[in-house]
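This briefing concerns the structure shown below.

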2 protein chains.
Amino acid sequence: MAGEFELIKRHFHYPVSHSVLGVGDDAALMQPRPGMQLAVSTDMLVAGRHFFADADPFLLGWKTAAVNISDMAAMGAEPRWITLALALPEADEAWVGAMARGFRDCCEAYCVDWVGGDTTRGPLNLCATIFGEVSPDKAVRRTGADHGDDLWVSGWPGMAALGLAHLQDRLELVSDWREACLERLHRPLPRVALGLALRGVASAMLDVSDGLCGDLSHILEASEVGAILDETLLPLEPLLAACKRTEAATKALLSGGDDYELLFAAPREQRGHVEAIGRHLELPLHRIGRILDKPGLWLQRGDGVAEALQAGGFDHFQTD
Amino acid sequence: MAGEFELIKRHFHYPVSHSVLGVGDDAALMQPRPGMQLAVSTDMLVAGRHFFADADPFLLGWKTAAVNISDMAAMGAEPRWITLALALPEADEAWVGAMARGFRDCCEAYCVDWVGGDTTRGPLNLCATIFGEVSPDKAVRRTGADHGDDLWVSGWPGMAALGLAHLQDRLELVSDWREACLERLHRPLPRVALGLALRGVASAMLDVSDGLCGDLSHILEASEVGAILDETLLPLEPLLAACKRTEAATKALLSGGDDYELLFAAPREQRGHVEAIGRHLELPLHRIGRILDKPGLWLQRGDGVAEALQAGGFDHFQTD
């Protein structure tokens with residue numbers, strides 16, 4: 001069996017493109033651009049919780065990089081460097097090689113240098129930490145949503161949740177849509193270009209990882225506001241087409257996680273600007289509601305009645 | 001049971017002293033000092049491998065921060081910011097609180113801002129990522145050791161290994177020394193001030209985490225040199241006093257890990273300078289051998305005979 005350091009050398013030693021020193025010393029070295037602030041985020045993925053233990057290692061590597069890169073998108077930061085620490089039950093070289101390729105492919109797709117890591121034996125666990133750059137005072141936080149702001153979400157949130165429900169035999173998906181839903185679950189595409197374009201436009205932003213309503217509640221709490229969603233504006237079309245069930249589609253949209261779309265508030269006078277950004281990026285941006293000054297989260301039904309919504313986010317320690 | 005986000009809020013929300021934004025958004029924000037390079041390193045600690053599952057959570061928190069801070073010391077970088085991702089089998093608030101206090105105490109002792117993290121359910125795993133600053137071209141890498149350089153180690157490496165042997169009933173320690181050995185195992189003190197003082201003095205450096213010979217072999221490989229240790233110069237006194245057995249003491253010194261002392265090469269003409277640094281820091285610095293131009297690692301015995309040494313580092317995936 002190859003030793004730990006051999007494994008690292010073979011699969012974790014990729015060349016870096018914009019770093020002073022990559023993997024192989026006590027630390028990596030990089031030169032931030034003058035005056036830029038650093039944005040930093042870390043995410044830990046655990047077998048049996050965030051992915052199936054028998055998950056395709058290439059896709060798992062991709063997703064581990066993607067969920068971290070998405071945190072940079074959510075701040076309006078440019079992702080630049082990433083580290084990956086890994087616990088493995090056994091030194092399975094084919095598995096490590098495929099996982100490393102997936103991680104690396106995603107990093108390359110987003111111009112991120114993979115600069116360091118750690119490898120040890122233990123229950124399967126992947127922990128990546130990402131660093132990006134953002135101009136001072138340009139980061140889009142969760143705290144700026146204001147009464148009257150529009151509420152927007154990118155793409156088609158809920159497709160990943162439908163893909164997961166299909167894998168778990170909880171739902172049958174129409175064959176034409178199955179692959180698209182599974183692709184969203186397995187190979188999320190962080191909205192980095194959108195996050196950068198929304199600097200100075202969005203008043204508050206985050207990426208939807210735990211479910212739209214649950215993540216929205218973080219914006220509402222941080223901004224000390226409420227929100228109302230408009231049922232008639234919810235982008236349900238592909239979800240309905242995929243599963244043919246209104247209730248399942250709505251639930252997937254409102255509480256499904258793992259899409260890594262951006263959810264953001266923007267002043268009403270930015271509406272044209274936001275729509276132009278969507279056209280420019282060829283990415284659908286859906287206006288789904290608005291920010292209220294009173295706390296709480298509501299759904300305005302098609303018949304005009306407003307009902308209170310549970311946050312319903314996915315909480316890893318909540319009693320089920 | 002408290003939800004994940006409640007737990008994070010209660011125990012992971014410490015104020016930051018030199019960061020723009022700490023825990024609570026998609027990413028933390030910090031402003032690097034003009035012109036400085038960033039040094040970044042990540043370490044993952046797994047229950048049953050790096051610590052006992054029933055380890056004191058305060059000490060575990062301390063050690064998790066310390067081993068990361070030590071990587072900055074080993075580069076001659078100033079540790080500045082750290083993140084902690086955590087997988088827990090259950091949401092045990094007392095455990096999390098004590099662990100967080102230990103992590104925080106170590107960070108505070110070394111002026112490191114704890115800026116972010118992640119918490120999830122899973123087999124116990126702690127992954128910290130540290131970022132430091134270092135002036136361009138001042139980082140001390142592993143690659144610069146040259147023929148004729150002195151080889152130095154700080155402190156009394158091997159004490160942590162004796163402490164571990166004692167806990168595992170493999171060795172009886174003299175009572176006067178027991179606490180000192182366990183303290184080195186449980187609460188390592190990264191040599192940050194030494195690392196900073198050795199910029200421009202040491203030609204190559206790392207921190208001893210996996211064992212002196214094993215870690216030395218990384219310097220030798222990176223620098224494409226060899227080394228010979230002088231048995232008569234090995235700092236065995238406290239180890240012999242603690243365990244009264246020459247063989248166990250020597251083994252602890254040469255292949256025991258977990259002390260987080262600095263091992264470094266320095267040109268012979270820097271000998272007086274290195275000694276002055278040790279006096280100034282009130283930290284014993286031991287000259288234990290010298291760098292050779294031919295590959296290999298040797299021990300010059302007291303009788304003058306040189307014998308080849310195995311690297312003998314601790315390799316997490318080596319077949320036992």
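Leaving aside its neighbours within four places in sequence, which residues is B:Leu233 in contact with? They are B:Arg287 and B:Ile288, where contact means heavy atoms within 4.5 Å. This is a predicted model, in which local features need pLDDT of at least 70 and side-chain atom pairs count only at pLDDT 80 or more, while totals for chains, interfaces and linings use all residues. Residues are numbered from 1 along each chain as its sequence is written, chains are lettered from A in the order in which they are written, and side-chain values use heavy atoms, with hydrogens and water left out.

**The loop residue**
- B:Leu233 lies in the loop between strand E8 (226–230) and helix H8 of chain B; helices (H or I, at least four residues) and strands (E, at least two) are DSSP runs, numbered from the N terminus.
- The relative accessible area of B:Leu233 is 29%, so the residue is partly exposed (buried is under 20%, exposed over 50%, partly exposed in between; 1.4 Å probe, protein chains only).
- A distance of 21 Å separates the C-alpha atoms of B:Leu233 and B:Asp293, which are 60 residues apart along the chain.

**The interface of chains A and B**
- Chain B contributes 71 residues to the contact and chain A contributes 70 residues.
- About 5600 Å² is buried between the two chains, 57% of it on carbon and sulfur atoms; buried area is the accessible area (1.4 Å probe) that two parts lose on being put together, summed over both.
- Strand E2 (residues 37–46) of chain B gives the most to the side of chain B that touches chain A, namely nine residues.

**The nonpolar cores**
- The largest nonpolar core has 55 residues, and A:Phe103 and A:Phe264 have the most contacts inside it; such a core is a set of buried Ala, Val, Leu, Ile, Met, Phe, Trp, Tyr and Cys residues joined through side-chain atoms within 4.5 Å.
- Helix H2 of chain A supplies the largest share of this core, ten residues.
- Not counting residues up to four places away in sequence, A:Phe103 touches several residues, including A:Trp62, A:Ile82, A:Leu84 and A:Trp114.
- A second, separate core of 54 residues includes B:Ala73, B:Phe103, B:Met205 and B:Ala266.

**Helix H4 of chain B**
- Helix H4 (residues 159–167) of chain B is mostly covered, with seven of its nine residues buried.
- Among the buried residues of this helix are B:Met159, B:Leu162 and B:His166.
- The cover over them includes helices H5 (175–186), H8 (237–243) and H9 (246–255) of chain B.
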